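Dear colleague,

I am handing over the structure below, and after it you will find an account of what turned up when its geometry was worked through. Please read the two side by side.

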Amino acid sequence: MDRLAVISPPVITPSEVPAGAFMLAGGLAARGIEAPIHDLSLGFFRWLFYEHAPKAGFANCAPSIKYLISPGTEFYDPHKHRSVCGVLQSVLKSYAKKFPGWQLSLMDSVPPGIAHSTADLIFLAKSGSTPFSDYLKQWVKQTRGSFDHALISLAYLSQLPAAVEIAWLLEESGIRVTLGGSLASALNDTGSGIELLRSCFREVALDDGRSIVGEDQPFLSRVEWPVFANDWKYFSSRPVIPFPLTTGCTWNKCLFCPDRDKPYMDISLKNLERLLSRGPDHPVIHLIDSAIPVKTIERVLPLLREKTSGFYGFARPQGNWLRDGLLGKIADSGCLMLQTGAESGSIGILQRFMKGFSPETAEKVITEISDSGMRNYVYLLFGLPGETEKDRELTLEMVRRLKGRIDYMNLSIFNLPEKCELTDRAAEFGIIPGDYDGDASVLRFYRPFQSMDNSDPRKDARRFIKDVFKTDPSVIPVLHSTPRWFRAGHMALMKKTDLL
Ligand code: SF4
């Protein structure tokens, strides 16, 4: 077999190993195949902050990164965290000015031209003058000869420009490249433009990794601690290991969910035991499940309590979290934070889109999370079809009742997935899905839509969030304490502030 390498392109927030690359390399390791992880996002940021910034006369980033790795206290101080991230972000901004039209941040890269146009990305990659070019050319030179086949793991659109450039540079050096990862499979399953992605990469693999080893069984059925090409420290005060307890979703009913075709599977806890026995001591586990199932978390608590220094992940705020003091047990076992998709304070909205819990239940779960001493990261969604001003006000009233209990908040405006049950049943929900410029060759995950009654819930939601929601005294401190950079991972490691 070729000598393999797993490549994670920039830009992903450099606070933990990218989950997709980690699982792919870990699955290969469990099958006896060594495929070192090259995290080029961490590599790019290290190159920029440690090597390029001093030469270019940018601000000294070393003290800021030192703080993120060793804050000197058990948890990050929110003010200090904000100020050191501000230094890193300002250096990124200064660097991006050298590349007209590019926008760069600690979690995103947006090239000039039409958004997600593969023709533009190929042109930019071949030009060799992107923000990543100098670093990537140096990396190709340094690693030449160490592998013959690169498996590029693509999880976010923020990685796409650099992924195209990496593929181009490696193929020019005679190295075989295969693109895979959750973004490629999501585009194939629920978006449009997979053929455009194929135009950027000679080989695209859309399965979970099993085609590389010629197996039929799910790739995540066996995972071991993988090999890393470098032993760099991530920008985090504790090592964070991403791991799913399940794939798919136990609920699997939300009408606007684009992921409902993903098969549900419990991942054997033996995998987590093996990872914990070979990885760094006392890591934080980032549970990357779409929604942590209650029955599964109960089984894993003793292991998490004994072998980790904490964990966090996503929970549907449904009633079974309230049974038998479960949230208290989870907190006692080291849970630092739960991310809850409460979505709306309107029972009508939650029922219409099959969320499977009521605002009252979500409130009780959020209250108990807070009472148990864990951090609450609450996700709210506005602008769903048929959403009225009354629905939005109910959401604000829910947040007011939870004053002092929500630590962090994520506000989103609804996007209609290209493919989901709601799109299929659009007329029942009073909407007409439209199309963006049909001639543009771009990757798409969402579609525009019009309401049959001529309302525009997305526009109304934007106005409400700006003029009403964000100016409310119960919301202002939560948004102020929600870090802009290094979000979920560092939120779990942030000192809790008194928001009352
Ligand atoms: S809880 Fe999340 S993953 Fe599960 S169906 Fe709803 S949106 Fe999809």
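A crossing of two helices is called right-handed if the near helix is turned clockwise from the far one by less than a right angle, and left-handed if the turn is anticlockwise. In that sense helix H6, residues 133–143, passes H7 in a right-handed crossing. Please keep in mind throughout that this is a predicted model.

**Helices around H7**

The axes of H6 and H7 (residues 160–172) lie 11 Å apart, and the two helices pack at an angle of about 40 degrees. On the H6 side the contact is made by Ser133, Leu136, Lys137, Trp139 and Val140, while H7 contributes Ala162, Glu165, Ile166, Leu169 and Leu170. Sorted by class, this contact of H6 with H7 holds 7 nonpolar residues, 1 polar residue and 2 charged ones.

Helix H5, residues 118–127, also meets H7: the axes of these two come within 9 Å and cross at roughly 55 degrees. H5 and H7 are therefore oblique to each other, and H5 passes H7 in a right-handed crossing. The residues that meet are Leu121, Ile122, Ala125 and Lys126 from H5, and Leu160, Pro161, Val164, Glu165 and Trp168 from H7. By class, the contact of H5 with H7 has 7 nonpolar and 2 charged residues, with no polar ones.

An open sheet is formed by 5 strands in the order E2-E1-E5-E6-E7, with parallel pairing. Strand E2 (37–39) and strand E7 (203–204) stand at its edges, each with a single partner strand, so that one side of each has no neighbour in the sheet. Strand E1, residues 4–8, pairs with E2 in the parallel sense over 3 bridges, and valine 6 has isoleucine 37 in E2 as its bridge partner. Helix H1 (residues 19–30) packs on this sheet, where it touches E1, E2 and strand E5 (149–153), and the direction of H1 makes about 165 degrees with that of E1.

E8 pairs with strand E11, residues 284–287, in the parallel sense over 4 bridges, and the bridge partner of isoleucine 241 in E11 is isoleucine 285.

The loop between H11 and E11 holds histidine 282, which has a positive phi of about 45 degrees although it is not a glycine.

**Helices H11 and H12**

Helix H11 (residues 269–278) and helix H12 (residues 294–307) have axes that come within 11 Å and cross at roughly 0 degrees. Angles under 35 degrees count as roughly parallel, and that makes H11 roughly parallel to H12. In their contact, Leu269, Leu272, Glu273 and Leu276 of H11 meet Arg299, Val300, Leu303, Leu304 and Lys307 of H12. These residues divide into 6 nonpolar and 3 charged, with no polar residue.

**The ligand**

Which residues are found around the ligand? They are Cys249, Asn252, Lys253, Cys254, Cys257, Ser290, Arg316 and Lys355. By class, this shell around the ligand divides into 3 nonpolar, 2 polar and 3 charged residues.

How values were computed:
Residues are numbered from 1 along each chain as its sequence is written. This is a predicted model: local features need pLDDT of at least 70, side-chain atom pairs count only at pLDDT 80 or more; totals for chains, interfaces and linings use all residues. Side-chain values use heavy atoms; hydrogens and water are left out. Axes are lines fitted to C-alpha atoms, for helices over the stretch in contact, and angles run from 0 to 180 degrees between N-to-C directions. Angles under 35 degrees count as roughly parallel, over 145 as roughly antiparallel, 65 to 115 as roughly perpendicular and the rest as oblique. Contact means heavy atoms within 4.5 Å. Ala, Val, Leu, Ile, Met, Phe, Trp, Tyr, Cys and Pro count as nonpolar, Asp, Glu, Lys and Arg as charged, and the others, Gly among them, as polar. Two strands pair if DSSP finds at least two bridges between them. A residue is near a molecule or strand if one of its heavy atoms lies within 4 Å of it.
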